[in-house]
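Here is a short report on one protein model. Look at the sequence and the fold first, then read on.

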Amino acid sequence: MHRIPRGNITFAILAGERALSVDGDLRAARYWFDAAYQDAELSGDPEQLARAALGLSGVWVHEHRTCTDWERVRTRQRHALLRLDDRSTLALRLRARQAAEEDYRAGTHDTILRLLSQARGAGDPVALAETLSLAHHCLLGPGHGQRRLRLAQELIGQAARTGRRGDALMGLLLRTVDLFLDASPTAERSLEELQGMLAAKEHRAIGFVVSAIKVMLTIRAGRFEEAETLAAICAELGDATGDVDATGWYGWQLVAIRWLQGRGAELVPALSEMVHSPTLSTLDNSYLAGLAAAAAEAGDRRTAEGLLARLRGPGLPRSSTWMTSMYFMIEAAHLLRDTDTAAHVYAALAPFADLPVIAGHGVTCLGSAHHPLGVAALTLGEADRAAEHLRAAVRQNLALGHWPATVLSRHRLAQALALKGDPGDEGPGAAREAAELGMVLPRAATRPGEAGGAIRCRRRGLHWLLELDGRSALVGHSVGMGYLATLMANPGQEIPAIDLAAGAEAGKSAANSAQPVLDEVARRTYKERLARLDGEIGELESANDLERAAALREEREWLLAELAAATGIGGRARPFTGSEERARVAVGKAIWRAADRVAAVDPSIGEELRATVRTGTRCCYRPR
């Protein structure tokens, strides 16, 4: 580190304050304040020493995470405070910083709020602005939304008195974060105002938080690939700024993306490494909870159970990541069928049901807290309560514009309704939306010792609805789907391929349930649709809407081909002509094409079909 020439301590402090408040360059600020402190200690100037020690704290609370850094800065602050007049505003600023650091680490806020009262009476706008920001940081847990918002508004007002641009930006940032944490519809409007101020002049530290919020919004929109790219850019910005949260926030963002995609098991290696990082906040247990859920998803029961036992120890402090921890603890409990943990976390989270599960300053969002509460109720077998929470989750996720979370809540709602004997239309809708977003929907956890169950297959007009353990897939009719439907209607029964092709009964055991290639209801529905298509195509061509007319012509040709392939003279089921070998090949190809179509909608159900269906001269579906 370059030493500052004697007599330039004032310059170094001014440079550090500019880097911190005006530019938001945390790395540069640390350099200037560290150098200034060392020279101020040699010169014996108590005021310069205090200003340097204060500046070393940074702009956020808990910037110094490692034990070594934390003790070094705290010792310098105490040393500087001892040399000051206890009645000075500089001493008040140092005491406020020390109180905030201690409160934050303990998960409390009483001391900093007492000092905030002192700062309001001191008459120093800078001291008050700094203490307002510090107090806000100690109140980031759920349950303090309105109090935080009042502090942010007061800070914006104080910025006019301090004349420091950083105070105005910090106040507006904290207000924006508060609005997101409260699911306010005006949150994005406040974000636009903040971005407008940053466009006029960069502030790196606050710009880093804004970039993280934009990653969160991109995840909400379901644009996972773009969000992952933005997350990497955000991490680079945070690292260049010198923000200790750069790595941790990037981890949160990737966890949210992978979990919403249905790829939670892939997170185990990265989370296993991340939970031991010294850069994590002392109050952050969300990585432990995330690892518990990922391990449970990967089938590592021992690791998942051990982590849940750790997390259920003394009460977790309600920090800015507390709700995220609750979310993943419930997901892990559901996968492990751990009703005790589900009930424990449900009771803790229930008072905050109407809040979104957001980590930190808007870094990630997993949707409405009603969703994990609904999953907890599902774990406990309380279908009515689960459905109530999950309906609320769907509404709130729609209001948030969080499409992946909406899909997940609809899917879980279908599971709750299925427990009540009425799956409704939520499952197929969620399956379609999940396929569009590239999501794999989670399977319902089964009871201990219980197999996954058989796939249910039912006709829905021109489609087939397949259901397995709360998952569902809606696919269009095809000859191969007709074959699969017959096999699934007769689990464990071997049906000759030639009989499947002809749509004939497959022996006495299948007489009452085997389904023809294209039954009478389907043929009638197809013909009615063809009649309507002719009229619709004519209307569209008259209106010169050739693109939509072409799409309907493709549908018409597909329907004609299906009817021609499945029916013979007089509309009867067409008998399969040729040898058993030809039937074996044709039926097998049709079945696996249909299985591929199912897998495109729901990979888990598609995988189950591939594992349980056998084709050949004789075909069979044997559920596990």
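## Strands and sheets

Strand β6 (residues 495–496) and strand β8 (residues 618–621) run antiparallel and are joined by two bridges. Helices (H or I, at least four residues) and strands (E, at least two) are DSSP runs, numbered from the N terminus. Two strands pair if DSSP finds at least two bridges between them. This is a predicted model: local features need pLDDT of at least 70, side-chain atom pairs count only at pLDDT 80 or more, and totals for chains, interfaces and linings use all residues. Residues are numbered from 1 along each chain as its sequence is written, and side-chain values use heavy atoms, with hydrogens and water left out.

Which residues face each other here? Pro 496 stands opposite Arg 618 in β8. Ile 495 has Cys 619 in β8 as its bridge partner. On to strand β7 (residues 613–614): β7 and β8 pair in the antiparallel sense over two bridges. Arg 614 has Cys 620 in β8 as its bridge partner. The hairpin of β7 and β8 has three residues between the strands, and Gly 616 there takes a positive phi near 150°.

Put together, these strands form an open sheet of three, in the order β6-β8-β7, with antiparallel pairing. The edge strands are β6 and β7, and each pairs on one side only. Helix α23 (residues 479–489) packs on this sheet and touches β6, β7 and β8. The direction of α23 makes about 65° with that of β8. Axes are lines fitted to C-alpha atoms, for helices over the stretch in contact, and angles run from 0 to 180 degrees between N-to-C directions. Contact means heavy atoms within 4.5 Å.

Another open sheet of three strands has the order β3-β4-β5, again with antiparallel pairing. Its edge strands are β3 (456–460) and β5 (471–476), each pairing on one side only. The twist averages 20° from one strand to the next. Five bridges join β3 and strand β4 (residues 463–468) in the antiparallel sense. Arg 460 stands opposite His 463 in β4. Helix α27 (residues 580–601) lies across β4 and β5, and runs at about 125° to β5.

Strand β1 (residues 356–359) and β2 also pair in the antiparallel sense, over three bridges. Ala 359 stands opposite Thr 364 in β2. Four residues lie between the strands of this hairpin, where Gly 360 takes a positive phi near 60°. Is β2 enclosed or open? Five of the five residues of β2 are buried, so β2 is largely enclosed by the rest of the structure. Buried means under 20% relative accessible area, exposed over 50%, partly exposed in between (1.4 Å probe, protein chains only).

## Cavities

How many cavities of 30 Å³ or more does the structure hold? There are four. On a 1 Å grid over the protein atoms alone, a cavity is a set of points where a 1.4 Å probe fits but cannot get out, and lining residues have an atom within 4 Å of a point. Grid points are joined across faces, edges and corners, and a volume is the space filled by probe spheres set on the points.

| Cavity | Volume | Lining residues by type |
|---|---|---|
| Largest | about 300 Å³ | 11 nonpolar, 10 polar, four charged |

Ala, Val, Leu, Ile, Met, Phe, Trp, Tyr, Cys and Pro count as nonpolar, Asp, Glu, Lys and Arg as charged, and the others, Gly among them, as polar.

The largest cavity has a volume of about 300 Å³. Of the 25 residues that line it, the closest to its centre are Arg 65, Tyr 104, Asp 245, Trp 249 and Ser 320. Helix α13 (residues 246–261) gives the most to this lining, with three residues.

The lining of the second largest cavity includes Trp 252, Leu 271, Tyr 287, Phe 328 and Thr 364. At least two residues of that lining come from each of α13, α15 (286–298), α17 (322–336) and β2 (364–368).

## One glycine and the whole

Gly 166 is found in helix α9 (residues 165–181). Gly 166 counts as buried, at 9% relative accessibility. Leaving aside neighbours within four places in sequence, Gly 166 is in contact with Ser 21, His 203 and Ile 206.

Overall, the protein has 28 helices and eight strands. Of its 624 residues, 54% count as buried.

Definitions and conventions
1 Å grid on protein atoms, 1.4 Å probe; cavity = no way out; pocket = protein on both sides within 12 Å on 5 of 7 lines; lining within 4 Å.
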